[in-house]
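Me: I'm new to reading protein models. Could you walk me through a few features, one at a time?

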Amino acid sequence: MGNTCDTVLDAIGETPMVSLRAFGSTVTPQLFAKLECTNPGGSMKDRAARGMIEWAEREHQLQPGARIVVCTSGNMGVGMAMVCAVKGYQLMCLVDAKINPATERCLRVLGAEVIKVYQRDETGGYHLTRLARLESLLEEHPDAVYLDQYDSPAAVEAHSASTGPEILRALRGEVRAVVMVAGTGGSSMGVARYFKSESPQTDIWLVDENGSLALPGNAGAAPRHLNGMGTSISPANYAPPEFHKFIDHVVYINAEESIRAAIALARSEGILVGGSGGAAVHVMRDLAAQHYGPEDNLVALLPDHGSRYTETQFDPDWLAARGINVPEIFNVEDEA
Ligand SMILES: Cc1ncc(COP(=O)(O)O)c(C=O)c1O
């Protein structure tokens, strides 16, 4: 007899780890993917969303109907909208023009109010424009509780308490390296913190998109194309000295390599993930070839499902408009 959940929130976590035998057939280490798309809101952000709202409940004694504000490029909003629907809170999601149309519709279906900014800031991203709008929004709604995912010990803690232990348990303590992507820092800093405490011999690799300002030592702002990955500010979650204590290596990647890897993963393993997941598996396979051997288990954390990106990263016109060269997006028949 199977288990039942009291609410959908009990279905968050315990995501599968899948061996990538075909994708990793050219390298000797064992490659594994942790599929965060199987969370009920469709991404690893469900974990952080639940953790942050439960923190707000403790800190602000939220009553039913309480108003919560979050700045999000998509997945965090979906996770929070799901949690708010279950708990009876009102969610205002501050998003930007880069949001996937499908994600925006999901937010609305889940009952969130979507507030969108269209103007790029001086870094070429939207974050600073969103912050300006946030200020006016909080003036309009003084009762609202703002949850800042860029500076959230609760988000880091959620991943430290769940994602990290799940990875180590699945491989019975034998994890040579974990590869994660950089965004607000909740997932990577949480998982890394857990590993540095429980398995300090595990190498922690962090992947960011070229042009992102997320990590200490970045090379400056430039246009970026991947959703969820990279930021136009430095999140407090990545502040030194913790950053240098928890993260061993940083690798930068571009959208083209990431999207091509996501397509290669889909076609070799049947695993359809977004471009940030493509970035993680691409780097994991490179590292496997250069740094690790047949005894080593490597794990990549894949943030979300690829079906959200059919109108963006997997759309030939969207790619062409941005000069991103992904010839395999066309099927053989299309080319004929
Ligand atoms: C698709 C995707 N990839 C990567 C990330 C980065 O995760 P984090 O914010 O935990 O650093 C996110 C976060 O929103 C995401 O939605």
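Me: What follows helix 1, and is its phi positive or negative?
Reply: Helices here are DSSP runs of H or I with at least four residues, strands are runs of E with at least two, and both are numbered from the N terminus. After helix 1 comes Gln61, with a positive phi near 45°. This is a predicted model, where local features need pLDDT of at least 70 and side-chain atom pairs count only at pLDDT 80 or more, while totals for chains, interfaces and linings use all residues. Residues are numbered from 1 along each chain as its sequence is written, and side-chain values use heavy atoms, leaving out hydrogens and water.

Me: How many residues does helix 1 have, and what span does it reach?
Reply: An expected span is 1.5 Å times one less than the number of residues. Helix 1 covers residues 45-60, which is 16 residues, and from first C-alpha to last it reaches 22 Å, close to the expected 22 Å.

Me: Which residues of helix 1 are buried?
Reply: Buried means under 20% relative accessible area, exposed means over 50%, and partly exposed lies in between (1.4 Å probe, protein chains only). In helix 1 the buried residues include Lys45, Arg47, Gly51, Met52 and Ile53. Their cover includes strand 2 (30-35), strand 3 (67-71) and helix 2 (75-87).

Me: Which residues are closest to the ligand?
Reply: A residue counts as near if one of its heavy atoms lies within 4 Å. The ligand is surrounded by 16 residues, and the closest are Lys45, Asn75, Thr184, Ser187 and Ser276.

Me: What is the distance from a ligand oxygen to the side chain of Asn75?
Reply: A polar contact is a pair of N or O atoms within 3.5 Å. An N or O atom in the Asn75 side chain is 2.8 Å from a ligand oxygen. Backbone atoms take part too: a polar one of Gly183 is 3.0 Å from a ligand oxygen, and one of Gly185 is 2.8 Å from a ligand oxygen. On its own the ligand has 390 Å² of accessible area, and the protein covers 97% of that.

Me: Where does Ser187 lie, and what does it touch?
Reply: Contact means heavy atoms within 4.5 Å. Ser187 belongs to helix 7 (residues 186-198). It counts as buried because its relative accessible area is 9%. Leaving aside residues up to four places away in sequence, Ser187 touches Met44, His159, Met180, Val181 and Leu301.

Me: Why does Leu91 count as buried?
Reply: Leu91, in strand 4 (residues 90-96), counts as buried because its relative accessibility is 3%. Beyond four places away in sequence, its contacts include Ile68, Val70 and Met80.

Conventions:
Polar contact = N/O pair within 3.5 Å; in protein donor to acceptor, adjacent residues only side chain to side chain. Areas by Shrake-Rupley, 256 points an atom, 1.4 Å probe, with all protein chains shown as cover.
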